[in-house]
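Hello,

Here is the structure for you to look at. My notes follow below it.

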Amino acid sequence: MSAAPVIRKAKQPGAAAEGAGAAACAHCGDGLAGLKIVSRTIGGQRRDYCCLGCAFIAEQLHLARASDADRVALEASLAQGPARREVPAGARAQVEIRGMVCAACALLIEHRLRRTDGVASAHVDFTAQRAYVGFDPQRVDAALLKRVIERAGYRTDVGAPSEARRRRIELLRVLLAWLMMMQVMMLAVPAYVAKPGDIPADIEQLLRLAQLVLTVPVILFSAVPILRGAWSQLRAGPVGMDLPIVLGLSAAFAASAWATITAHGVVYFDSITMFVALVLGVRWLQARALRMARGHLDDAQRRARLFARRLRSFPASLATESVSADQLVVDDHVLVPVGETVPADGVIVQGVSSISQAWLTGEAAPIEKQDGAPVLAGSVNLEQPLVVRVTRAGEATSLAALRRLVDDAGRERPRIVELANRIAVVFLWAVLAVTAATVIGWSLVDPSQALPAAIAVLVATCPCALSLAAPAALAATQSRLAERGVLTARSAALEALARVDVLACDKTGTLTTAEPALTRVIPLRGLRSADVLAQAAALEAVAAHPFARALAQAAAQVPVPMAHDVVITPSAGIEGTVGGRRMRIGKIEYALELSGGTGQSGWTRRWPALAAQLPADGSVIALADGQGALAVFAFGEMLRPDAAALVDAARALGAEVVLVSGDRAGSVERVARALGIERAYAKQTPASKRELVAQLQGTGRRVAMLGDGFNDAPVLAQADVSIALAEGAALAQARADFIVLGSRAADVAVLLRSARRGMGIVRENLAWALLYNLAAIPLAAFGYLSPALAAVGMAASSALVVANALRARR
C-alpha cells in the first residue's frame with residue numbers, strides 16, 4: 001500500500017499576522033516576545049519580523065511578485081557586492097553560528113555567503129547551528145566568512161571558552177539565589193514564630209536590613225534573565241509569563257524596601273528570594289537536559305558525515321587517501337572495506353559481496369552485489385572488499401536527496417506554545433484591572449487601606465505558581481527520562497507527545513532486530529539439531545556475513561569444533577573440513593554441488609515437504625557433505641522482546657499503532673500479525689513515508705514516528721513528534737525530538753507514559769495555580785488578606801507546585 005501525496009496551500013507573507021496585530025512576525029506568525037525585532041519597509045508598508053531570516057524571505061517573495069521596474073530598483077537595494085563567478089572549492093570550513101531563530105535565518109546566511117566573491121558553495125544547518133562553506137583560499141579566508149555572517153546580523157564568537165563561561169555564569173546565578181534564599185529564610189523565621197512584642201524593635205529592624213542586603217544581589221544578578229525577558233516582552237508587545245512575574249516581584253520588593261527604610265511594616269524578602277531560586281533552578285535543569293540532548297545531536301551530525309577511501313591511481317595501484325565524501329567527483333574510484341559504508345552512489349568494478357540497505361530502504365535481508373551492480377550511498381558492505389566507481393557524488397547522491405527531504409520536512413514541523421504563556425496575556429490585564437479597581441474602591445471607602453490592599457493584590461497574584469506549573473513538571477519528567485536513557489531534544493515535544501493519537505513505527509531495527517536471526521533448523525538424515533548447528537557455526541566462524549553472526553549466536557551454548565582448509569566463495573558459501581569430513585554451507589545449489597547428482601536428486605524429492613515447514617518470507621541456506629544435504633537453516637527477522645509491550649502500552653494510552661516499512665509485503669504482514677497491528681504499509685520509500693504521515697496530519701491526527709534508519713529521517717522530521725533509536729542512523733537522530741540511548745522498545749513505552757503523566761501533572765499544577773489566584777484576588781481586594789498573608793500564600797503555592805511536579809520522577 002502507498003500513501004497519496006498531500007498538497008498544502010503555502011502560507012502567504014503577512015497572512016499569519018492578520019488578526020494578531022503587532023504581536024506576531026509578519027512572515028511566519030511567531031510571537032515577537034523575547035526577540036530582537038527586525039523592521040523592514042516592503043511594498044511601501046512597514047512590517048515587523050521575528051528575525052533577519054524572515055525579513056529576507058519576505059523581501060525575496062515581494063521581489064518575485066514585483067513589476068519589472070520595481071524589481072530592478074529592489075534588486076539594486078538588496079545587492080551585496082559584485083556578481084558571483086564560478087569558483088573551485090579549493091578549501092572547506094565549518095563556522096559555528098549563534099542567533100538563528102528559524103530555518104529562514106539559515107536561508108538568509110546561505111544567500112549572503114553564496115553571493116560572496118570566491119565562495120563556491122554554502123550550506124547552513126539550522127539544527128546544528130553551523131555553516132559548511134567551500135571556497136577559493138586565494139580569495140577568501142575563514143575570517144572573511146565570519147565577517148559576512150556577522151554583517152548579516154548573527155554571531156560567530158561562540159568558541160568553547162565563551163560557551164563555558166556563559167554556563168558558569170548561569171550556574172552562579174542559580175547557586176547565589178539558593179544561598180541567599182536559605183539565609184533570608186533563616187532571618188525571616190523569628191518574625192513568623194515570635195509573638196507580638198517578643199522581638200525588640202532594633203533587632204527587628206536589623207533583621208529587615210540583613211534580609212534587604214541579601215535580597216539585593218538576587219534581584220540585581222540572579223534575576224537578570226527574568227528581568228531581561230520581561231523588558232523584551234514589554235518592548236515587543238506580546239506578553240509572556242516573565243512580565244506578570246516581574247510586576248509582582250517589583251511590588252513585593254518595593255513594599256519591603258519601604259518598610260525597611262521606614263522601620264515599619266511587613267517585608268516579603270523570603271518570598272522573593274525563594275521564588276527566584278525556584279524559577280532559576282527549574283530553568284537550569286531544563287537547559288542542562290537540552291544541552292545533553294544537543295551534545296548527542298552534534299555527535300550524530302558528525303557521524304552522519306561520510307568519509308571515503310579514494311583510490312589514487314586505480315587500476316594500477318590500490319593506494320588510498322582518506323577524504324570527505326563531499327570531495328568525491330564522478331568517475332572517482334573508492335575502496336569499500338568490509339563493514340564500512342558506501343560513501344557515494346556508484347557501480348561495482350571489482351569484487352563480489354553482499355550489502356545491507358536496511359537503514360536506507362528498510363529491507364532487512366542482505367543483497368548480493370557483483371561487478372557492474374549499482375550501489376547506493378549509505379549502504380553497508382558485509383562480506384568482501386569492493387572497488388566502486390562513483391556515478392553520483394555530493395548533492396546528487398540518494399543520501400543527499402534524503403537529507404533534502406529531511407530539511408524540507410523539518411521546516412514544516414508544527415511549533416507548540418506552552419499553555420502558561422497563552423494564559424499570561426489575559427492574566428496580566430486581569431491583575432492590572434483588579435489592582436486599579438481596588439485602589440479606586442478603597443480610596444472612596446477608606447483611603448488609608450488603598451495602598452496596603454493594592455500591594456496585597458499584586459503580591460497574592462504574582463504568578464509564581466503559574467510560571468512554575470509547566471517548567472517544574474517538564475524538568476522533572478526530562479530528568480526521569482534521562483535516568484532511563486531517553487534524551488529530550490525539544491521540551492515542547494513532551495506536550496505534543498502527550499497528545500498523539502497515532503504511533504507510526506518502522507519495522508527493521510525498530511520493532512524487529514536490525515540483523516537477521518536464525519529462526520528454524522531442520523536436520524536431515526536423522527541428525528540432531530545441536531550437531532548440525534555446531535558444524536555450520538564452525539564453517540561460518542571465518543565469515544563476517546550477518547548469517548554467520550546469527551549462527552554463532554545460536555550456537556553459543558554448543559561446543560563448536562574447528563574447521564580446516566576453509567575456502568570462501570563470495571556470494572555462494574563456504575567450504576571446509578569439519579571432523580574429518582568435507583562440507584559446504586551456503587546457497588542450496590552451491591552446497592549440493594559437493595555431492596554431485598546423487599545429492600541433487602535426493603534434494604528434489606525432499607524439497608516440497610521442507611518448503612512447507614519454512615517461512616515464506618525468510619532466507620534459506622543448506623549444509624551438505626559428499627553424500628547430500630545435512631540440514632536446512634532459515635533466517636529472518638526476530639521481534640524485539642519488548643516490541644509487544646510497546647504496542648500494548650501505546651494502545652492503552654489511546655494511540656493507534658501503524659507499521660510503516662520499506663521491506664517486502666510478506667515480512668511486514670508477518671510482523672503486523674504477530675503484534676496485532678491492523679494497519680501496515682509495505683514497500684514505502686522515504687518520500688512515501690513522509691507523504692503518509694502528512695496525509696494523517698491532514699485529517700487532524702497527531703502523529704509520533706519511531707524509527708532508526710536513514711530512510712526514516714524525512715518522516716521523523718515531518719511527524720509531530722519524532723523518536724529515534726541511538727543504535728540507528730545518525731541522520732535519523734539528528735532530527736529527532738527524543739533519542740533512546742538504550743534502543744529498547746520498553747524505554748519508548750516509558751517515554752509515552754511519562755509524557756502523559758508529566759502533562760497530567762502540568763494540568764494539575766495549572767489548575768491549582770489558577771484556583772489559588774482566583775481565591776486570593778477577591779480576598780486581597782476586599783481587605784481580608786493582608787500583604788503578609790499574601791506573601792505566605794505565594795510562597796506556599798510555589799512550594800506545592802514544585803512538590804507536585806516531583807511526582808513525575810517516580
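**Strands and sheets**

Glycine 346 stands opposite valine 390 in E14. The model is predicted: local features need pLDDT of at least 70 and side-chain atom pairs count only at pLDDT 80 or more, while totals for chains, interfaces and linings use all residues. Residues are numbered from 1 along each chain as its sequence is written, and side-chain values use heavy atoms, with hydrogens and water left out.

Back to E14. Strand E9 (residues 345-350) and strand E14 (residues 386-392) pair in the antiparallel sense, over 5 bridges. Strands pair if DSSP finds at least two bridges between them. Strands (E, at least two residues) and helices (H or I, at least four) are DSSP runs, numbered from the N terminus.

E9 and E14 belong to an open sheet of 6 strands, in the order E7-E6-E8-E14-E9-E12. The pairing there is antiparallel. Strand E7 (320-324) and strand E12 (374-375) stand at the edges. Each has a single partner strand, so one side of each is left without a neighbour in the sheet.

Now the hairpin. Strand E19 (residues 573-578) and strand E20 (residues 581-586) pair in the antiparallel sense over 6 bridges. Valine 578 stands opposite arginine 581 in E20. The hairpin has 2 residues between the strands, and glycine 579 takes a positive phi near 60°.

E20 also pairs with strand E21 (residues 619-625), antiparallel, over 4 bridges. Here arginine 584 stands opposite alanine 624 in E21.

**Charges over rings**

Arginine 584 turns up again. It lies over the face of tyrosine 590, at 4.3 Å from the ring centre. Arginine 173 lies over the face of phenylalanine 221, at 4.8 Å from the ring centre. The cut-offs: NZ of Lys or CZ of Arg within 6 Å of the ring centre and within 35 degrees of the ring normal.

**Aromatic pairs**

How many aromatic pairs does the structure hold? There are 2. Rings of Phe, Tyr and Trp (its six-membered ring) pair if their centres lie within 6.5 Å; planes under 30 degrees apart count as stacked, over 60 as edge-to-face and the rest as tilted.

Take phenylalanine 253 and phenylalanine 269. Their ring centres are 6.1 Å apart and their planes are at 70°, so the pair is edge-to-face. Phenylalanine 253 lies in helix H8 (residues 242-262) and phenylalanine 269 in helix H9 (residues 269-304), so the pair ties together parts that are 16 residues apart in sequence. Phenylalanine 253 is partly exposed, at 22% relative accessible area. Phenylalanine 269 is buried, at 0%. Buried means under 20%, exposed over 50%, partly exposed in between (1.4 Å probe, protein chains only).

Then phenylalanine 547 and phenylalanine 635. The ring centres are 4.3 Å apart and the planes at 10°, so this pair is stacked. Phenylalanine 547 is in helix H17 (residues 546-554) and phenylalanine 635 in strand E22 (residues 628-636); the pair links distant parts of the chain, 88 residues apart. Phenylalanine 547 counts as buried at 12% relative accessibility. Phenylalanine 635 is buried too, with a relative accessible area of 1%.

**The chain as a whole**

The chain has 26 helices and 27 strands. Of its 810 residues, 51% count as buried. Among contacts (heavy atoms within 4.5 Å) between residues at least 6 apart in sequence, 68% join residues at least 24 apart. The chain exposes about 35900 Å², with carbon and sulfur atoms supplying 59% of it. Areas come from the Shrake-Rupley method with a 1.4 Å probe; for residues, only the protein chains shown count as cover.

Best regards
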